[in-house]
Amino acid sequence: MNAKQRTIKSELTISGVGLHTGTSVTLTLKPAPENHWFKFRRIDLDGQPVVSVDADNVTDTSRGTTISENGASVSTIEHLMAALIGLQIDNVLIDLNGPEVPILDGSSTIFLQKLKEIGFVDQDADRDFYEIKENIHYVDGDRKVEIVGMPLDGYRLTCMIDFNSPVLGSQHASISQIDEFEKEISSSRTFCFLHELEALVNNNLIKGGDLSNAIVIVDKEVSTEELDKLQNLFNKKVTVADEGILDNIQLRYQNEPARHKLLDMIGDLALVGRPLKGHIMAARPGHAANVAFAKRIKNQIKRDKAKKKINTYDIHATPVYDTVQIMNILPHRQPFLMIDKILELSDTHVVGLKNVTMNEDLFMGHFPGMPIFPGVLRIEGMAQTGGILVLNTVPDPENWLTLFLKIESARFKNQVVPGDTIIYSCELMEPIRRGIARMKGVGMVGEKIVCEAELMAQIIKVK
């Protein structure tokens, strides 16, 4: 049984402070219809502009993920997105009265717990998974980042981080299925290094940080004066714990930073716009890499959709017409008969087949050192295929001829060589009137378009 899309049962309101802006904000999550995915609505702005959670809308990844659309932006979306993905929710509208999602405790756990309290409702539509069918790679050599998505019937994620730090070292985190997110990943908090903390403060960022929603890693000797400065900034006395972190909080897991990087990755991959099936492995990921990888997946989805538009045909199936039957309809003979079979035929379309072999006379004089089937003969094969479609409208096709009146928008996109099989398909662009037909024709070799054109033809009776 296919899994169904789901949304939340009722509205949920959460308030807090934005990590970087320090602005108090309230967000309200609302049930949304099928195939809606996740959208933010900035209710504090004129017109209440909507911002879709989409990789193409990402405008900043410096200290979190920011999306912008319709003149509005929403920052630090990744922890909320991770909670929604972790709970396998598909459709939510999020009203927000400020520019940034609240940081809360720096993880996804509060979002997740409150969502579980209100519960979920299944919808009629099936979940619109994108299944990774072949490996998808992303590499950033300068940052030593590598992400690969591999085929898997499920959603598994593996993450490795290595900051070349004697304190943090190399860490790994993984989940074998998305159901493990709540227990293993959701409570892992964001982290930064002490030197980053100082830079962020100096750049007027982390106004909403209070040392209770982040792990601060101390990767250098810290003087008493520096600790006093932090105390003045955050109004909290801190020291360096044995683990090499500020003792403002206790680690929930020994590898909590790696788990949080995995959390960020899950949240950022919501930007694909669909639930995923596959195994994602990442080395040293960050928001910029996560977004770039999400765009790679989106591009692959577009390519897959384009492939689905290409019909496939069983060339070994019993044809509608074989070569002898075609010659009973068309007046063409060797060497100018350019189709060998008719695979499909209806009132509005026809599919024909041409096997290209080295034995054809034309290859003696047409690029004999590098045999290429001529473009003009590809169009002729398409025209003959279309002729079968037009002649199918009369009871005695052997007494009629098809005369082509016009060829428009002809294009040749790939070469055809001996050994190729061309599949021609012609489809009526409008109903046949007074024996005149307008058709769109396409020639394919495998998944490659080798020619296409718009054809106009008229049939006349000769007997």
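When I say helix, I mean a DSSP run of H or I with at least four residues, while a strand is a run of E with at least two, and both are numbered from the N terminus. Two bits of housekeeping. This is a predicted model, where local features need pLDDT of at least 70 and side-chain atom pairs count only at pLDDT 80 or more, while totals for chains, interfaces and linings use all residues. Residues are numbered from 1 along each chain as its sequence is written, and side-chain values use heavy atoms, with hydrogens and water left out.

So, back to α1. How many of the nine residues of α1 are buried? Nine of the nine, so the helix is largely enclosed by the rest of the structure. Buried here means under 20% relative accessible area, exposed means over 50%, and partly exposed is in between, using a 1.4 Å probe and protein chains only. Among the buried ones in α1 are Glu-78, Leu-80, Met-81 and Gly-86.

Now look at His-79, which also lies in α1, residues 78-86. His-79 has a relative accessible area of 4%, so this one is buried. Leaving aside neighbours within four places in sequence, His-79 is in contact with several residues, including Ile-103, Phe-111, Thr-190, His-260 and Asp-264. Contact means heavy atoms within 4.5 Å.

Two of those names come back in the UniProt record. For "binding site", the unreviewed entry lists His-79, His-260 and Asp-264. They span 186 residues in sequence, yet no two of their C-alpha atoms are more than 9.4 Å apart, so they gather at one spot.

Let's move to Asp-264. You'll find this residue in helix α6, residues 256-268. Is Asp-264 buried or exposed? At 7% relative accessibility, Asp-264 counts as buried. Not counting residues up to four places away in sequence, Asp-264 touches Glu-78, His-79, His-287 and Asn-290. With His-79 there's also a side-chain to side-chain polar contact, at 3.4 Å. A polar contact is a pair of N or O atoms within 3.5 Å; within protein, one must be able to donate a hydrogen and the other to accept it, and residues adjacent in sequence count only if both atoms are side-chain atoms.

A search of the whole structure finds 24 of them.

Here's one: Glu-184 pairs with Arg-259, the closest N and O atoms being 3.1 Å apart. This pair links distant parts of the chain, with Glu-184 in helix α3 (residues 181-184) and Arg-259 in α6, 75 residues apart. Glu-184 is partly exposed at 26%, whereas Arg-259, at 14%, counts as buried.

Next, Glu-256 forms a salt bridge with Arg-189, with the closest N and O atoms 2.8 Å apart. Again distant parts of the chain are linked: Glu-256 sits in α6 and Arg-189 in the loop between α3 and β16 (191-193), 67 residues apart. Both Glu-256 and Arg-189 are buried. Elsewhere, salt bridges that share partners join Glu-430, Arg-433, Arg-438 and Glu-454 into one network.

Last one: Glu-131 bridges to Lys-133, at 3.4 Å between the closest N and O atoms. Glu-131 is partly exposed at 33%, and Lys-133 is exposed at 61%.

Terms used. UniProt positions are given in the numbering used here, feature names are shortened, and annotations may be inferred rather than shown by experiment. A salt bridge is a side-chain nitrogen of Lys or Arg within 4 Å of a carboxyl oxygen of Asp or Glu.
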